[in-house]
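Student: Please take a close look at a single part of this model and show how that part sits in the rest. Keep to plain geometry, and give the cut-offs as you go.

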Amino acid sequence: MNSKTHLGHVARKRFGQNFLNDQRVIDDIVSAINPVDGENLIEIGPGLGALTEPVCEQVSHLTVVELDRDLAKRLTSHPFIQDKLTVVESDAMKFDFSTLASPDKPLRIFGNLPYNISTPLMFHLFEYTDCIQDMHFMLQKEVVNRLAASPGGKDYGKLSIMAQYYCQVIPVLHVPPHAFKPAPKVDSAVVRLVPHKSRPVEVAAPHFLQQVCAAAFNQRRKTLRNSLKDYISAEEIEALGINPGVRAETLSLEEYAKLANVIANRDSTEE
């Protein structure tokens, strides 16, 4: 059972495929995930099974979500692990993950995510955090830096705020390019995302939080007075104890929550 065998599969650019093939790195990732038999384990984009195989050595059942028809077919006929797998042939970006969860079996999601979909996929998964125990993802190191960033830095942005609203973000492991075939031009990292049992700030409607962050960071060189003028006045910003003359990256999650709540409350009174 060798994770390194590519069995003739050519990595497809359109799926952003880079296959893990460094055994030590694979072992480290599986240790970080720490799969336990009986848990509701879901792998997104299993590819050639580099993580699927060693996880299946430790558990009796695993659900995988795979878009590539050839890879899904290979997994359903895999000589060692086919009996342990439920293969869902679907696009993870559109998939309803709540269909796999039950109250006593929250989801433990993991995967080596294609670089080209990792950020939008995160936003999709945040919608299901109420039924997720934790997530472990291999991502571009730059994306992990953005997930974990604090106010004030260049990595801090909409992804940082939304990720930290929904989850505790814990960078776990650095992964060099040579751990993959084909080797990507960037470093990767593994991150652990643990959904908060209760959110760190009160937000009336998360989509307003996302909206206000998008507006602020899409024009991050402008001051809030200018970038948010379609949503909230400088006077309203000031009334919250926030300086409308500062830029997007200086505000904390708590301050963005205050802005979002003003907009949400106004929206509900206008209805």
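**The sheet and what packs around it**

Tutor: Among contacts in the protein between residues at least 6 apart in sequence, 67% join residues at least 24 apart; contact here means heavy atoms within 4.5 Å. The model is predicted, and local features need pLDDT of at least 70, side-chain atom pairs count only at pLDDT 80 or more, and totals for chains, interfaces and linings use all residues. Residues are numbered from 1 along each chain as its sequence is written, and side-chain values use heavy atoms, with hydrogens and water left out.

The protein has 10 helices and 9 strands. These are DSSP runs numbered from the N terminus, helices being H or I of at least four residues and strands E of at least two. The radius of gyration is 20 Å, which agrees with the value near 18 Å that a compact globule of 271 residues would have; the radius is taken over C-alpha atoms, and the globule rule is 2.2 Å times the number of residues to the power 0.38. Along the principal axes, the C-alpha atoms fill a box of roughly 65 × 40 × 30 Å. Of the 271 residues, 50% count as buried, where buried means under 20% relative accessible area, exposed over 50% and partly exposed in between, with a 1.4 Å probe and protein chains only.

The part to look at is an open sheet of 7 strands, in the order S4-S3-S2-S5-S6-S9-S7 and with mixed pairing. Strands S4 (85-89) and S7 (167-175) stand at the edges with a single partner strand each, so one side of each has no neighbour in the sheet. From one strand to the next, the twist averages 20°. Two strands pair if DSSP finds at least two bridges between them.

S7 and S9 (residues 188-195) pair in the antiparallel sense over 8 bridges; Val169 has Leu193 of S9 as its bridge partner, and Leu173 has Val190. S6 and S9 are also antiparallel, over 6 bridges, and Met138 has Val190 of S9 as its bridge partner. In S9, 6 of the 8 residues are buried, so this strand is largely enclosed by the rest of the structure.

Leaving aside neighbours within four places in sequence, Glu66 is in contact with residues including Gly45, Leu71, Val88 and Ser90. Val88 is 22 residues from Glu66 in sequence but 6.3 Å away in space, C-alpha to C-alpha. A polar atom of the Glu66 side chain lies 2.8 Å from the backbone nitrogen of Asp68.

Next come the helices. Helix H5 (residues 141-148) lies across S6, S7 and S9, running at about 135° to S6; axes are lines fitted to C-alpha atoms, for helices over the stretch in contact, and angles run from 0 to 180 degrees between N-to-C directions.

Helix H1 (residues 23-33) has Val25, Ile26, Ile29, Val30, Ala32 and Ile33 as its buried residues. Seen down the axis of H1, these fall within an arc of 155°, so they line one face of the helix; the arc is that of the directions from the helix axis to the C-beta atoms. An α-helix has 3.6 residues a turn, so residues three or four places apart point the same way. On the other side of H1, Arg24 and Ser31 are exposed. The cover over the buried residues of H1 includes S1 (19-20), helix H2 (52-58) and, from the sheet, S5, S6, S7 and S9. At the start of H1, a side-chain oxygen of Asp22 reaches to within 3.0 Å of the backbone nitrogen of Arg24. After H1 comes Asn34, with a positive phi near 55°.

Methods. Polar contact = N/O pair within 3.5 Å; in protein donor to acceptor, adjacent residues only side chain to side chain.
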